[in-house]
Amino acid sequence: MIPRVLSIAGTDPTGGAGIQADLKSIMASHGFGMCVTTNLVAQNTCGVREVYTPPTSFLRAQLEAVFDDVQIDAVKLGMLGDKPYIELVRDWLASHPVPVIVLDPVMVATSGDRLLEQSAEETLREFAAKADIITPNIPELAVLCEQQPATNFAEACAQARSWAADNNTVVIVKGGHLTGTDAGNTAVFPDGTEIHVPSPRVDTATTHGTGCSLSSSLAARVGLALREGKKLEDHATVAEALAWTTHWLNEAIAHGEDLHVGKGHGPVNHAARQYRMELDSSATPWEFMKVDVRELDGTKPQTCVAPARTEARKPWIAAAGPWTEALWKASADVDNNIVRMPFVQALGDGSLDEDLFDFYLNQDAEYLKRYSRALAACGAKAHDDKARVHWSSSSAECIEAESELHRGWFKKTGQPMRPVCSPVTLAYVNHLLASTLGEDYVVAVASVLPCYWLYEEVGHVLAEALKPGNPYYEWIEMYSSEGFDACVRTAIECVEQAFEEASPKQRVLAAQAYMTSCVYEYDFFNQAHRALR
């Protein structure tokens with residue numbers, strides 16, 4: 001179901017705010033956007049130059065054209081200009097009710113400059129009381145409550161509670177307009193309930209149009225929920241919509257600089273999430289699979305696997321010989337992308353959202369059940385006692401030690417475990433089981449090596465910058481521990497020996513299995529964002 005969302009707001013010819021931002025935000029939030037234009041604003045990223053307000057008759061004509069033809073699921077209100085405009089829109093919506101109205105009360109710039117005349121302010125204050133949800137900035141919230149602007153989140157929420165209770169309206173308190181490290185948003189309901197959605201502050205100047213973007217995205221997400229049969233009076237309806245919008249907007253802000261638009265405060269990148277999802281869902285064959293295997297004869301390390309495009313960093317645990325050194329260098333592209341991905345970066349600095357880590361751990365639990373079988377198969381195929389003992393003991397240890405980590409985390413958070421394999425996890429473990437149960441020994445051990453080596457490398461990279469209080473300390477500590485290092489070192493030695501003893505053809509197949517597992521490791525770390533963001 002696609003909600004039909006109408007924005008009634010002003011313009012921005014540079015595309016970062018107003019109806020231009022609204023339409024991008026609505027589309028990015030899975031809605032179909034429409035617009036009725038109020039003020040024509042000559043502005044850019046540096047400021048407003050001139051505002052033209054067309055006759056109210058033309059505003060009415062636009063409203064009639066839309067409502068005569070289209071059933072509206074949600075309305076987002078932005079800049080309404082002057083008192084006659086506010087009164088016209090207020091009366092129109094009173095006689096043409098829609099499922100939800102989200103009002104961004106454009107009254108005061110974040111700089112503190114007043115954008116409306118006093119009479120228009122009072123009219124908008126009265127209109128705001130009739131909206132279902134309002135999304136004021138901190139100065140606008142103060143004007144609505146006729147108080148001084150809040151200086152911290154607690155004060156802002158107190159003002160919002162008063163307004164919400166008095167007017168039976170949900171108020172969104174926006175942390176982005178304050179100065180704390182948490183730039184998240186809080187939904188304050190008329191009954192006093194507060195639901196906060198945390199979001200890390202992004203150090204950037206590309207924040208033009210964030211208020212417009214948030215309110216229009218929120219309107220689209222609430223409209224979508226209502227079309228799916230959810231109820232506006234249920235707190236979860238607004239809270240879940242706000243969570244989606246908050247995460248989406250944080251990503252859009254973080255990637256605003258990619259656009260290189262304007263000399264002032266540039267716009268956010270409304271399509272950042274779309275670009276990421278498009279890349280993550282690509283069906284293009286992996287680069288290492290495009291190489292003609294006939295060009296790889298497997299007689300020496302350099303000819304058993306295609307080279308990476310980027311230079312490999314020095315691993316914490318070195319290769320055991322020329323064959324595993326070739327594997328490490330070939331996986332440089334994947335390794336570099338893993339340590340830079342948002343999930344791993346946030347894991348390291350402790351800012352990773354708990355729901356993302358919950359998703360990851362649930363998938364890890366499902367993965368280990370099957371990875372244990374793959375390791376046992378390696379043990380059964382091993383040619384010597386050292387390798388046989390290593391793979392067989394690791395099969396048991398990966399269940400015991402790592403499952404204890406899972407149980408400890410979910411006991412601490414109070415969340416239940418959800419034992420269901422995702423498509424990524426299922427594809428990865430099926431590859432491992434096919435490689436270990438159906439292929440030669442060297443292919444089997446090569447396929448399971450990335451789970452050792454890449455995890456240990458991520459653990460050490462994160463441990464270097466580990467700070468006290470990181471909620472994911474135990475995870476980082478486990479994969480950077482001396483015990484795990486020793487296990488990884490032995491695994492690398494076993495793979496080196498297996499390559500040394502294998503035929504050239506087997507080496508090429510084993511290297512492909514290793515690289516395939518490396519790519520699946522990237523997808524495994526990345527899948528929480530794909531699923532929940």
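Contact, in these notes, means heavy atoms within 4.5 Å. I'm working on a predicted model, where local features need pLDDT of at least 70, side-chain atom pairs count only at pLDDT 80 or more, and totals for chains, interfaces and linings use all residues. Residues are numbered from 1 along each chain as its sequence is written, and side-chain values use heavy atoms, leaving out hydrogens and water.

**Entry 1: H431.** I looked up H431 and found it in helix 16 (residues 423-438); helices here are DSSP runs of H or I with at least four residues, strands are E runs with at least two, and both are numbered from the N terminus. Is H431 buried or exposed? It is buried, with a relative accessible area of 14% (buried means under 20%, exposed over 50%, partly exposed in between, with a 1.4 Å probe and protein chains only). Leaving aside residues up to four places away in sequence, H431 touches S447, A513, T516, S517 and Y520.

**Entry 2: the strands.** Next I checked strand 5 (residues 74-77), which is covered on both faces: A74 and K76 are buried on one side, V75 and L77 on the other. Strand 1 (residues 4-9) runs parallel to strand 5, joined by four bridges (pairing takes at least two DSSP bridges). I noted that V5 has A74 as its bridge partner. Strand 6 (residues 101-103) also pairs with strand 5 in the parallel sense, over three bridges, and K76 is partnered with V102 there.

**Entry 3: the record.** I found that UniProt, in an unreviewed entry, lists residues 336-529 as "domain: Thiaminase-2/PQQC"; such annotations may be inferred rather than shown by experiment. In the model this span is 84% helix and 0% strand, and its end C-alpha atoms lie 18 Å apart.
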